[in-house]
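Hello,

Here is the structure for your files. My notes on what was found follow below it.

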Amino acid sequence: MSRKVIAGNWKMNKLPNEAIEFISKIEEVAARSDNEVILCVPFTDLFYSLLTAQNTKVKIGAQNMHWEEKGAYTGEVSGKMLKSIGTEYVIIGHSERRQYFAETDETVNKKLKAAFANELKPILCVGETLEQREQGIQEKVITEQVEKALEGLTNEQIQNTYIAYEPIWAIGTGKTATAKDASNAMQSIRKKVEEIAGAEVAQKIILLYGGSVKPDNAKPLLEAPDVDGALIGGASLQVEEFTEIIEYNDK
Ligand code: PGA
């Protein structure tokens, strides 16, 4: 795929006024680019971000959701709530949520189903720890995460799931997987998707790499075989860095 997905994950950063300013500044670059530009923002920035991004090519996503529609779940936000204000994307199963907020493959699967029930486009995250990589079991770990996450989804839903491979040892550490590591992981994921949903879905599904993507390493990673885009944390917080990545192929 020549058109890439460039998705930012702001994590717990930026106030609404900063979100408005950021989106206004990247709007023009996003309009010029063929790449799909997504920003996944904190809940408190969503509404302002959606308003600012209206009639632009910047798409807005959330970073998490609950699988129930409503109920006694203090502090949670449902897919229905996200959809009600026009949110388009939602990150599901980010490793920080698995690690610090006890998310499991089962809750990830429930959230994916709820995302589709609410017509949200999920960005599913998978990835191995350093320990698992050192044991050489990364392929097993990520394909199992994919299999459990996608359980019970229709082929159409699977095709519409963006899957981000984010090795945990590369997130926020400055250590990046090589283009070859990223490609290998994508190929394992595609093979697993083919087993589950057939060759056509496997060929069409969008696979992103995430983990210390920066302007100076974006090009080889994004051009690696089977990589359709990037999920970017730290470098999505700075206008200059993020726009350089959006325009990586103009250089
Ligand atoms: P990073 O984060 O780019 O800061 O490594 C990526 C992510 O966690 O999505």
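There are zero disulfides in the structure, counting as one any pair of cysteine sulfur atoms within 2.5 Å. C40 is in no disulfide; the nearest cysteine sulfur belongs to C125, 8.7 Å away. That distance is too far for a bond. C40 is buried because its relative accessibility is 0%. C125 is buried too, at 2%. (Buried is under 20% relative accessible area, exposed over 50%, partly exposed in between, with a 1.4 Å probe and protein chains only.)

Two notes on the source. This is a predicted model, where local features need pLDDT of at least 70, side-chain atom pairs count only at pLDDT 80 or more, and totals for chains, interfaces and linings use all residues. Numbering runs from 1 along each chain as its sequence is written, and side-chain values use heavy atoms, with hydrogens and water left out.

Now the ligand. 13 residues surround the ligand, each with a heavy atom within 4 Å of it. The closest are K11, H94, E166, G172 and S212. By class, the shell has four nonpolar, seven polar and two charged residues; Gly is counted as polar.

Which atoms meet the ligand's oxygens?
- K11: a polar side-chain atom lies 2.8 Å from a ligand oxygen.
- E166: a side-chain N or O atom is 2.7 Å from a ligand oxygen.
- G172: a backbone N or O atom lies 2.7 Å from a ligand oxygen.

Taken alone, the ligand exposes 280 Å², and the protein buries 96% of that (Shrake-Rupley method, 1.4 Å probe).

Best regards

Conventions:
A polar contact is a pair of N or O atoms within 3.5 Å; within protein, one must be able to donate a hydrogen and the other to accept it, and residues adjacent in sequence count only if both atoms are side-chain atoms.
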